[in-house]
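Me: I would like to go through a structure with you, one piece at a time. Could you show it first?

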Amino acid sequence: MTIYCLWYINNYMTGRKWKTGREVCNILSNYKIGEKIYQMKVETNRKISNLDETASECLSKIVDPGNYIWVRPDNQPRPMLARPMSVHSTNRKNAISIIYKIKAAGSTNPTGTQLLSHMKTGDNIEIVGPSGGNLFTIDNNINKIALIGGGVGVSPLSFLAEEYHKLNKDIHIFAGFANKKEIICERKLEKISDYFNLATTDGSKGYHGNIIDAFAESTYDDFNMIFACGPKKMYQALKKLNIKTPTEVSVEKRGACYGTGCCHGCGLSVKEGNKKVYKRVCTDGPIFNLKDMILE
Ligand SMILES: Cc1cc2nc3c(=O)[nH]c(=O)nc-3n(C[C@H](O)[C@H](O)[C@H](O)COP(=O)(O)OP(=O)(O)OC[C@H]3O[C@@H](n4cnc5c(N)ncnc54)[C@H](O)[C@@H]3O)c2cc1C
Ligand code: FES
């Protein structure tokens, strides 16, 4: 109820039309795909309850690459707030999936991602979304793209790769992981890309080193567009290459208002011309231009 009120007030004040809502979904599967990494598929058969009567559609039909959803076990005391997770895939019919990595507990209480990993097929999960006001660019005029993913950052890029694959574009994928136990989506990405480069920091599989070093050794100048998702260190290294190609990156910054734009917890500063301006990841992102990012 509180969330709906926040939405209503925010939409009313900003005049925004939100294609978003809350639904209790059924877990279709939830299994381990790597070291501390899980893939969860949920059914989205029911139309999401919505404030915007023009958009009461099934979640799996309206998500696009860059969108994220908020998830938490339904009817459980913990975690109090749902956790944001990028959409990994959709069948555009009745199901979507996410890929998540378990964050270690700092105290005796399990973390939200630990609790998600204990959920079983048939359990109910609360989903709010989709969130994201600025998504990855999908443009038929773009012919050759590079996708650079670090760790679970590969998850939303796989969704983007699928969309560009449908458009028959030249897709080059660079996927980096800490070690071979953390590799995800390898077979799928290899299948839908024209060039696939895998790197592990410890050298246990593929290129030995970080994924930006692997990318730097490629002929990176002739891409029309670069898309990246991964940790801040990866974006810092990518920015240092001083590439002129437009580069979009996905930013992870968690707030507390389910992406309604009210709490300002997901705020970050970016450059706009010579000015530093304040943006919210949930409504202005999560996709930003790398050139505008302040990454110190
Ligand atoms: C837009 C967006 C999209 C996201 N997409 C994904 C996704 O697809 N897959 C995925 O695995 N995660 C994703 N995340 C991150 C995910 O939301 C967090 O990992 C999750 O909220 C952690 O919750 P928790 O309760 O398990 O951990 P908490 O109890 O909140 O934290 C446990 C420990 O982990 C640290 N921690 C928490 N979050 C992060 C983080 N993001 N980076 C580094 N350390 C952290 C905390 O500081 C703490 O030490 C996304 C975040 C955002 C904002
Ligand atoms: S999550 Fe609250 S303002 Fe973005």
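Me: Where does Ile 62 lie?
Reply: Ile 62 belongs to helix H2, residues 59-62. Helices (H or I, at least four residues) and strands (E, at least two) are DSSP runs, numbered from the N terminus. This is a predicted model, in which local features need pLDDT of at least 70 and side-chain atom pairs count only at pLDDT 80 or more, while totals for chains, interfaces and linings use all residues. Residues are numbered from 1 along each chain as its sequence is written, and chains are lettered from A and ligands numbered from 1 in the order in which they are written.

Me: Why does Ile 62 count as partly exposed?
Reply: Ile 62 counts as partly exposed because it has 17 C-beta neighbours inside 10 Å. A residue is buried if 20 or more other C-beta atoms, placed from the backbone, lie within 10 Å of its own, exposed if 12 or fewer, and partly exposed in between.

Me: Turning to helix H7, which residues are buried there?
Reply: In H7, residues 232-240, the buried ones are Met 234, Tyr 235 and Leu 238. Down the axis of H7, its buried residues fall within an arc of 95°, so they line one face of the helix. The arc is that of the directions from the helix axis to the C-beta atoms.

Me: What about the other side of H7?
Reply: There, Lys 233 and Lys 240 are exposed.

Me: And what follows H7?
Reply: Asn 242 follows H7 and has a positive phi, near 55°. Most residues other than glycine have a negative phi, and most peptide bonds are trans.

Me: Which residues are joined by a cis peptide bond?
Reply: Arg 78 and Pro 79 are joined by one, with omega about -10°. Pro 79 is in the loop between strand S4 (68-73) and S5. The bond from Gly 285 to Pro 286 is also cis, with omega near 10°.

Me: Is Cys 185 buried or exposed?
Reply: Cys 185 is buried, because 23 other C-beta atoms lie within 10 Å. Its phi is positive, about 60°, although Cys 185 is not a glycine.

Me: Lastly, which residues come nearest to ligand 1?
Reply: Of the 21 residues around ligand 1, the nearest are Ser 86, Lys 103, Thr 111, Gly 112 and Thr 113. A residue is near a molecule if its C-beta atom, placed from the backbone, lies within 6 Å of it. Strand S5 (83-86), strand S7 (95-101) and helix H3 (112-117) each supply at least two residues of this shell.
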